[in-house]
Amino acid sequence: MEILNAFSDYEAAALQAINQAGDTDALEKVRIEFLGQKNGRIRDLQKLVGTAKPNEKPAVGKRFNEVRNSVSASLEAKAEHLKNSARQKAVSDFDVTLPGERPRIGQLHPITQVMGEFRELMGRFGFTVVDGPELEDERHNFEALNIPEDHPARDPLDNFYVACASATAGGPVLLRSQTSTVQIRTMESMKPPVRIVSLGRVYRPDTIDATHSCMFHQMEGLLVDRHVTMAQLKTVLSQFARSFLGPDVEIRFRPSFFPFTEPSVEVDMKWGNSWMEIGGAGMVDPNVFAAVGYDPEEYTGFAFGLGIERFCMKHFGVDDIRRFYENDLRFLSQF
Ligand code: PHE
């Protein structure tokens, strides 16, 4: 039958062209020539199918499909083959003797390094490290710390209150403004004696400048036992500062006020010629003990809260606190 011969010629011509195509561009041309929807030679075959006599139609249609499928399968196989040989060529062009690129090795952020050292030093003084959440309720950030409702420290403008589901369910929620929250959480969960430190982030809507950031790190310390004294507080803090910065560091207490300590002091550190304020401290206020169910007649304690960035700046000679948060590798890789 003439039609079937035309099909076979088409198939043979297509397979030969596919065979000869040396790259994907040439192969694409072959595809368009033989299978193209618009002017491909497959259109002529389709027309031939239309001219077949009714009794020949089924055989012609079947053969048409066979031819078309076989050409398109050969095209696909050849495309796959060309892709693989291109890949193989790329691999064989790769020179394994070329010097490699040295991977950049990361390091801990200076603040993380200092926090690690602080934990280690305080561990040697017998303080256990505990953690607390950064998202807090008012009981732990204020109430149990003897900071009453009308205290200026609770002003919404001075705190980062957070709108979230648990805030609607269980009262206001805020980003903690101090790590003293962890004093409360610790005493709620254990009986005295207590000897803990907790290091982490705190948040305050301060105006940002060279020494202020709206997020910074504190180390909180709490020691509760029978007969704890202010002299012990001073000893622990000076020993700590000396171990970190060297034997020449001096500690000075200035009278101050915190709702959760009585008496309270501001702690200054002298290193070189100048005094630098490093945090607050004092004897735990009996109201705080009462809030966590400790007997204020039986137990005494001291607490302190130190600003970690201050130590970092002094230690590494950094003059602007903002450098710590800019993620500039030229800065960070120096530590
Ligand atoms: N929480 C106080 C602050 O952030 C510091 C402090 C801690 C003072 C513990 C006394 C006792 O300023």
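Trainee: At roughly what angle do the axes of helix 5 and helix 11 cross?

Mentor: Angles of 65 to 115 degrees count as roughly perpendicular. In this predicted model, the axes of helix 5 (residues 110–124) and helix 11 (residues 308–316) cross at roughly 105° and come within 10 Å. Helix 5 is therefore roughly perpendicular to helix 11.

Trainee: Which residues of helix 5 and helix 11 meet?

Mentor: From helix 5, Pro-110, Ile-111, Gln-113, Val-114, Met-115 and Phe-118 take part; their partners in helix 11 are Ile-308, Glu-309, Phe-311, Cys-312, His-315 and Phe-316. By class, this contact has nine nonpolar, two polar and one charged residues.

Trainee: How are helix 1 and helix 4 oriented to each other, roughly parallel or roughly perpendicular?

Mentor: Angles under 35 degrees count as roughly parallel. Helix 1 (residues 2–20) packs with helix 4 (residues 57–93) at an angle of about 0°, and their axes are 10 Å apart. The two helices, helix 1 and helix 4, are therefore roughly parallel. Among the residues that meet are Phe-7 and Leu-15 in helix 1, and Phe-64 and Val-71 in helix 4. The contact of helix 1 with helix 4 divides into twelve nonpolar, four polar and three charged residues.

Trainee: Which residues are closest to the ligand?

Mentor: The ligand is surrounded by 14 residues, of which Gln-178, Ser-180, Arg-204, Gln-218 and Gly-305 are the closest. An N or O atom in the side chain of Gln-178 is 2.7 Å from a ligand nitrogen atom, and a polar side-chain atom of Ser-180 lies 2.9 Å from a nitrogen atom of the ligand. For Gln-218, a side-chain N or O atom is 2.9 Å from a ligand oxygen atom.

Trainee: How much of the accessible area of the ligand does the protein cover?

Mentor: On its own the ligand has 330 Å² of accessible area, and the protein covers 91% of it.

Key:
Residues are numbered from 1 along each chain as its sequence is written. This is a predicted model: local features need pLDDT of at least 70, side-chain atom pairs count only at pLDDT 80 or more; totals for chains, interfaces and linings use all residues. Side-chain values use heavy atoms; hydrogens and water are left out. Axes are lines fitted to C-alpha atoms, for helices over the stretch in contact, and angles run from 0 to 180 degrees between N-to-C directions. Helices (H or I, at least four residues) and strands (E, at least two) are DSSP runs, numbered from the N terminus. Angles under 35 degrees count as roughly parallel, over 145 as roughly antiparallel, 65 to 115 as roughly perpendicular and the rest as oblique. Contact means heavy atoms within 4.5 Å. Ala, Val, Leu, Ile, Met, Phe, Trp, Tyr, Cys and Pro count as nonpolar, Asp, Glu, Lys and Arg as charged, and the others, Gly among them, as polar. A residue is near a molecule or strand if one of its heavy atoms lies within 4 Å of it. A polar contact is a pair of N or O atoms within 3.5 Å; within protein, one must be able to donate a hydrogen and the other to accept it, and residues adjacent in sequence count only if both atoms are side-chain atoms. Accessible areas come from the Shrake-Rupley method with a 1.4 Å probe; for residues, only the protein chains shown count as cover.
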